[in-house]
Number of protein chains: 2
Amino acid sequence: MISRSLAVDLPSHVGEPVRIAGWVQRRRQLKSVTFLVVRDRSGLAQVVLPPEADAPGEESVVEVLGVATANPQAPGGVEVAEARVEVLAEAQPPPFDLYRPTLPVGLPVLLDHAPVALRHPELRRRFAVAAASVAGFRSVLDGLGFTETHTPKLVGTATESGANVFDVDFFGRRAHLAQSPQLYKQTLVGVFERVYEVGPVFRAEPHDTTRHLAQYTSLDAELGFIRDHRDVMVLLTQVIAGMLAAASELTEVPISPPEIPAVHFLEAQELLAEHTDEDPRGEPDLAPAHERWLSEWALREHGSDFLFVTGYPMSKRPFYTHPDPERPDSSNSFDLLFRGVELVTGGQRLHRHADYLAVLDDPEPYASYLEAFAHGMPPHGGFAIGLERWTARLLGLRNVRETTLFPRDLNRLAP
Amino acid sequence: MISRSLAVDLPSHVGEPVRIAGWVQRRRQLKSVTFLVVRDRSGLAQVVLPPEADAPGEESVVEVLGVATANPQAPGGVEVAEARVEVLAEAQPPPFDLYRPTLPVGLPVLLDHAPVALRHPELRRRFAVAAASVAGFRSVLDGLGFTETHTPKLVGTATESGANVFDVDFFGRRAHLAQSPQLYKQTLVGVFERVYEVGPVFRAEPHDTTRHLAQYTSLDAELGFIRDHRDVMVLLTQVIAGMLAAASELTEVPISPPEIPAVHFLEAQELLAEHTDEDPRGEPDLAPAHERWLSEWALREHGSDFLFVTGYPMSKRPFYTHPDPERPDSSNSFDLLFRGVELVTGGQRLHRHADYLAVLDDPEPYASYLEAFAHGMPPHGGFAIGLERWTARLLGLRNVRETTLFPRDLNRLAP
């Protein structure tokens with residue numbers, strides 16, 4: 001039997017018998033000929049049938065035997081002629097036309113029908129970009145001696161903040177879904193020095209926004225024996241470059257500057273006060289509109305789609321944040337803005353046991369975490385990248401639901 | 001400043017000034033000299049100090065400046081002499097001696113003190129083996145055109161079996177933690193043809209066994225356009241070979257036969273009836289003792305640490321299982337036994353919409369899943385490998401808790 005060819009490989013088989021398989025993306029019955037456009041994981045192939053052929057409908061799964069034949073008007077310059085079609089699975093007509101360049105329905109309908117909508121080549125491509133980006137993330141860290149880990153998603157009382165957690169009935173006890181692997185990845189710096197994890201995190205986010213999900217994929221890294229947060233920023237710059245390089249095989253990507261520009265939080269507020277109608281000085285955080293303005297400023301002044309904002313006030317950062325020794329109200333932490341949105345949060349963490357005892361009102365729920373610090377932890381830090389946000393900003397999509405296969409939020413638990 | 005060297009690289013710096021950093025694994029104060037054994041992510045390094053030195057205690061985090069000096073009695077043949085030690089973080093003495101070849105405590109104590117116990121080089125190595133195995137899994141599948149996916153861990157009413165699920169309060173509604181990505185990975189065959197996922201799965205396992213956890217890491221793969229389950233077994237054989245090759249850089253691995261021996265379920269029962277004191281014929285499943293005997297048989301008769309058992313009765317397999325067209329009571333499914341334990345379950349799935357409607361008593365909770373089949377799904381199948389079981393069997397460890405960083409079970413929600 002002839003082995004299966006992918007659509008993308010047909011041009012190298014011109015004049016030969018071929019076997020292809022896939023879904024009928026479009027059936028066009030003209031007076032003198034019937035065309036089937038067959039979609040497989042590589043792309044599209046045109047199949048030519050006699051006009052009277054009993055051609056299967058759209059989304060039917062077919063196997064086609066025929067001869068690869070040059071035709072400048074066919075996609076890729078080749079079509080399958082003298083075709084015999086076997087239907088592997090019948091299909092009901094799809095709820096919308098998958099052959100149109102853009103799906104002719106709004107986001108809620110797409111998400112309701114995700115099992116079919118995701119088959120659209122443009123939607124499918126988004127997740128290929130996400131997968132390539134994750135491969136780039138891992139590749140950089142593997143090359144630097146990091147160890148990949150898998151940590152608990154079911155946790156006891158200790159969480160980073162206590163807010164927005166999902167409750168789980170754990171054999172009659174109350175547990176939570178982990179909001180991040182933060183406490184575990186720090187603990188594991190004590191074991192492996194350098195760790196990363198790619199996995200789901202859970203936030204019972206009560207607001208319906210374009211930037212938040214109840215579950216998303218977090219790309220976490222943490223490393224020991226750093227000088228301060230600037231070593232973490234150097235690592236993140238390398239990681240971003242690796243993710244862009246991997247994604248660049250599938251989509252246009254911004255230039256990754258060898259050094260990402262950085263602005264201190266207080267300096268960012270000065271810029272906003274000077275150049276916009278607002279005066280945010282004294283505020284403990286940046287509003288989304290401020291992040292957008294700063295991103296535009298970085299693009300204008302530094303030609304960069306990325307901008308580090310460093311030195312966020314300690315008052316708004318989690319308990320494990322390391323203060324700036326020179327300015328104890330400021331932290332050795334940073335956000336990375338990417339095209340107007342906060343993409344990454346990171347920084348240096350406290351590493352001395354006594355420092356944790358000083359900042360935790362009630363250390364008891366953190367007993368296991370604190371055991372790592374009691375028994376020696378190096379200066380360390382890390383960061384977390386939201387994969388869905390990354391892909392959305394990279395592809396210029398507004399809503400993180402557009403880069404999530406099956407999103408979960410306040411209103412959505414299916415499909 | 002001299003850049004940091006790892007312990008493993010010291011032999012290439014003999015005679016040079018070096019800087020190392022890590023944890024004090026052992027402090028030995030002799031009459032004429034004090035030795036520190038410093039542990040970093042690469043291994044161990046011996047540091048020589050004068051006898052009167054105020055040497056830091058075990059698990060202290062230190063940075064050491066000195067001269068790499070050949071000494072055949074030192075680990076790796078090199079030690080750091082003329083050393084100056086800076087303590088980066090003090091440490092309380094560890095709850096057990098981490099410098100002993102084997103930790104001198106039982107599993108419950110190890111698990112209670114995992115943040116420290118995992119630092120033991122022998123324990124740490126297990127997770128390096130796991131990480132390498134996962135990299136091998138991905139590498140084989142990436143090479144075959146698979147797409148990596150991230151699917152919901154919070155699901156509505158539809159689960160594979162309905163049994164042993166954890167309940168979650170999802171914004172006031174009841175949700176479950178996903179027992180596997182099964183239904184999603186099948187749906188995504190309709191999108192990408194070939195998909196894999198590495199992620200946590202959750203089972204509210206009410207029994208305290210050496211083989212079960214409430215959360216484990218599942219290596220899932222699924223592919224379309226197969227002939228039947230035998231194509232899935234061919235893929236799995238490649239994946240296992242890739243995982244073994246990746247792990248072989250860190251540990252001894254069994255030979256991966258180019259073809260893994262396979263025995264039909266009914267034939268396996270005949271073997272057991274003929275060669276053991278038991279007669280399991282007529283039973284719908286294999287008991288753990290049967291799996292152990294069959295594994296020994298495969299090693300004896302075929303020289304293989306792996307054995308496929310095919311054709312399990314339909315009555316004990318999930319609803320999506322494809323029957324054997326020749327013997328409809330048997331399924332086109334398989335288990336892969338590895339050294340006495342079921343490591344992988346897989347097989348061909350139903351792919352026609354009508355077949356699902358025939359087997360599901362109440363299709364309504366599966367509406368989104370069934371949408372994929374209504375709109376055309378190719379013949380497909382896949383498998384799931386339990387990472388912790390894999391690593392335990394590979395390293396000859398009895399209990400999956402020994403290859404889980406922070407296990408979760410009936411009795412354990414911390415650390």
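Modeller: In this predicted model, H3(A) passes H10(A) in a right-handed crossing. A crossing is right-handed if the near helix is turned clockwise from the far one by less than a right angle, and left-handed if anticlockwise. Helices here are DSSP runs of H or I with at least four residues, strands are runs of E with at least two, and both are numbered from the N terminus.

Two packed helices are described by the angle between their axes and the distance between the axes. For helix H3 (residues 121-143) and helix H10 (residues 387-395) of chain A, the angle is about 120° and the axes are 10 Å apart. Axes are lines fitted to C-alpha atoms, for helices over the stretch in contact, and angles run from 0 to 180 degrees between N-to-C directions. H3(A) and H10(A) are therefore oblique to each other. Angles under 35 degrees count as roughly parallel, over 145 as roughly antiparallel, 65 to 115 as roughly perpendicular, and the rest as oblique.

On the H3(A) side, the residues that meet H10(A) are Arg126(A), Val129(A), Ala130(A), Ser133(A) and Val134(A). Their partners in H10(A) are Leu387(A), Trp390(A), Thr391(A), Leu394(A) and Leu395(A). By class, this contact of H3(A) with H10(A) has seven nonpolar, two polar and one charged residues. Residues are in contact if their C-beta atoms, placed from the backbone, lie within 7 Å. Ala, Val, Leu, Ile, Met, Phe, Trp, Tyr, Cys and Pro count as nonpolar, Asp, Glu, Lys and Arg as charged, and the others, Gly among them, as polar. An α-helix has 3.6 residues a turn, so residues three or four places apart point the same way.

After H10 of chain A comes the segment that holds Pro415(A). A cis peptide bond joins Ala414(A) to Pro415(A), with omega at about -5°.

Elsewhere in the chain, helix H4 (residues 182-192) of chain A has eleven of its eleven residues buried. A residue is buried if 20 or more other C-beta atoms, placed from the backbone, lie within 10 Å of its own, exposed if 12 or fewer, and partly exposed in between. Glu193(A) lies in the loop between H4 and strand S10 (194-202) of chain A, and its phi is near 70°, a positive value in a residue other than glycine. Glu193(A) is buried too, with 23 other C-beta atoms within 10 Å.

Chain A as a whole has ten helices and 18 strands. Of its 415 residues, 50% count as buried.

Residues are numbered from 1 along each chain as its sequence is written, while chains are lettered from A and ligands numbered from 1 in the order in which they are written. Local features need pLDDT of at least 70 and side-chain atom pairs count only at pLDDT 80 or more, but totals for chains, interfaces and linings use all residues.

Notes:
Two residues are in contact if their C-beta atoms, placed from the backbone, lie within 7 Å.
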